[in-house]
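Visitor: I'd like to learn how to read a structure like this one. Can we take a few features in turn?

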Protein chains: 2
Amino acid sequence: MFQNTARKRGRPRSFDETGALEKATQVFWSKGYDGVTIDDLVAGMGVGRPSLYAVFGDKRAIFLRVLRAYAERKGASAAKALLSPQGLRDSIAGFLRYAVESATEKRSARGCLLVCVAPLVNDAEVQQFLQKAAAGGAALVEGRFRDGITAGEIPSDFPVAVRAIQVTDFARGLTMRSLIGTPRKTLLRDAEEAADLVLLPRRGKAAPVGDS
Amino acid sequence: MFQNTARKRGRPRSFDETGALEKATQVFWSKGYDGVTIDDLVAGMGVGRPSLYAVFGDKRAIFLRVLRAYAERKGASAAKALLSPQGLRDSIAGFLRYAVESATEKRSARGCLLVCVAPLVNDAEVQQFLQKAAAGGAALVEGRFRDGITAGEIPSDFPVAVRAIQVTDFARGLTMRSLIGTPRKTLLRDAEEAADLVLLPRRGKAAPVGDS
DNA sequence: CTAATTTCGAACTATTCAGTTATATATTAG
DNA sequence: CTAATATATAACTGAATAGTTCGAAATTAG
């Protein structure tokens, strides 16, 4: 048999690498990128300064790793919230509800690292990553709309791309609103209303009530 | 006659107070709250350090003044964009277009101080201000919907409050998207689509194509 | 047990930063 | 012109910050 632990030579680390990154996520999430000092990370991650630099690099490098890991986890959760329900309405509502719930979770800071914090980081690599993440999110929703067409839940001329963008814009709006203290309850109600709106059938153009 | 200039005693100031605050706006707008140092403000505002402290106070005090002035100007412009057009569809589209255009103006930073920067400031007074500003924005849009009912542009059972919130959420979403580098052209197209969506008449619930 | 290896903890250094002080300068009042 | 007043410039002080260094500690290899 192989040594499954595959022990290395020197003194063993007193921290878990992925665990430390998750703690770093909370630090950036609650304080924003510029608001975070190395000492904040040292304290929050439970890693000594020299080890932190040796293992993770500087603040920017840590943030990039945090961002990637966060996006992967959050993307998976969002996909689950979107794809688990049977009906299309529940799918879209589930997606938006998930955005609200994760943005108002009491355990962690308000908002979302991807939506609220990272866009303010003045860094080309971060921006590029966020563009891809945003496109991925919209594509996920668009795919769900396509499945809805296949299942006959919406007509075949349903504007899947446009509505998908609108769903993600709603998610952004709701998430940002969580940041200014809007209560979860309010946001959850608005998430339902948003789901209803994007599924409205479009009968021609917006019809005036007294059609002249 | 009165001395219209009303000259004060000592050495005259070498800077204009409101002008300096506008410059400070650009500094906070481009660097975020935590990313700004006093030296940034000294350089950006064209005011010496001691004068800056004497006249404006510390960073937080400057930001609060900047925020109030910015909100007043932006609120007025947004109201104009919303209320100038004749038709309701143009009003809503104008409001959202204004959000996009001001968020992608080449002269200043991307995004919006109220939507993108201020919500991340960890300060109770700022948060309270933002809540009121957000409520004011939604009320403005809601009022326009009400006028639309009076004018017969939308039915009397149009959900004015819900749709108003949705319009502002769209504005938030579009504005945040400008931050990650989404081109103005794309956002303007999405603003039009959003205006169309919120004005769709709701014929009962989202009707499946094959109504069973 | 000894040597090699890796990490830990504490302290160190140079820099940046916030807020203040001291002095020079520009203006008005008389 | 002189005194009083208000601002500008520059320099100063103490604290915070980023990144590094060095010796002690914990582990494996032999």
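Visitor: Is α5(A) mostly covered or mostly uncovered?

Guide: Before that, some ground rules: this is a predicted model, where local features need pLDDT of at least 70 and side-chain atom pairs count only at pLDDT 80 or more, while totals for chains, interfaces and linings use all residues. Residues are numbered from 1 along each chain as its sequence is written, and chains are lettered from A and ligands numbered from 1 in the order in which they are written. A residue is buried if 20 or more other C-beta atoms, placed from the backbone, lie within 10 Å of its own, exposed if 12 or fewer, and partly exposed in between. Helices are DSSP runs (H or I, at least four residues), numbered from the N terminus. Now your helix: α5(A) is mostly covered, with twelve of its 16 residues buried. Among them are A:Ile92, A:Phe95 and A:Leu96.

Visitor: What covers the buried residues of α5(A)?

Guide: The cover includes α4, α7, α8 and α9 of chain A.

Visitor: Over in chain B, why does B:Ala191 count as buried?

Guide: Because 24 other C-beta atoms lie within 10 Å of B:Ala191. You'll find B:Ala191 in helix α9 of chain B.

Visitor: Which residues is B:Ala191 in contact with, leaving aside neighbours within four places in sequence?

Guide: Contact means two C-beta atoms, placed from the backbone, within 7 Å. For B:Ala191, the partners are B:Ala93, B:Leu96, B:Arg97, B:Val100 and B:Leu174. Take B:Val100: it sits 91 residues from B:Ala191 in sequence, yet their C-alpha atoms are 7.6 Å apart.

Technical notes: Helix = DSSP H or I, 4+ residues; strand = E, 2+ residues; numbered from the N terminus.
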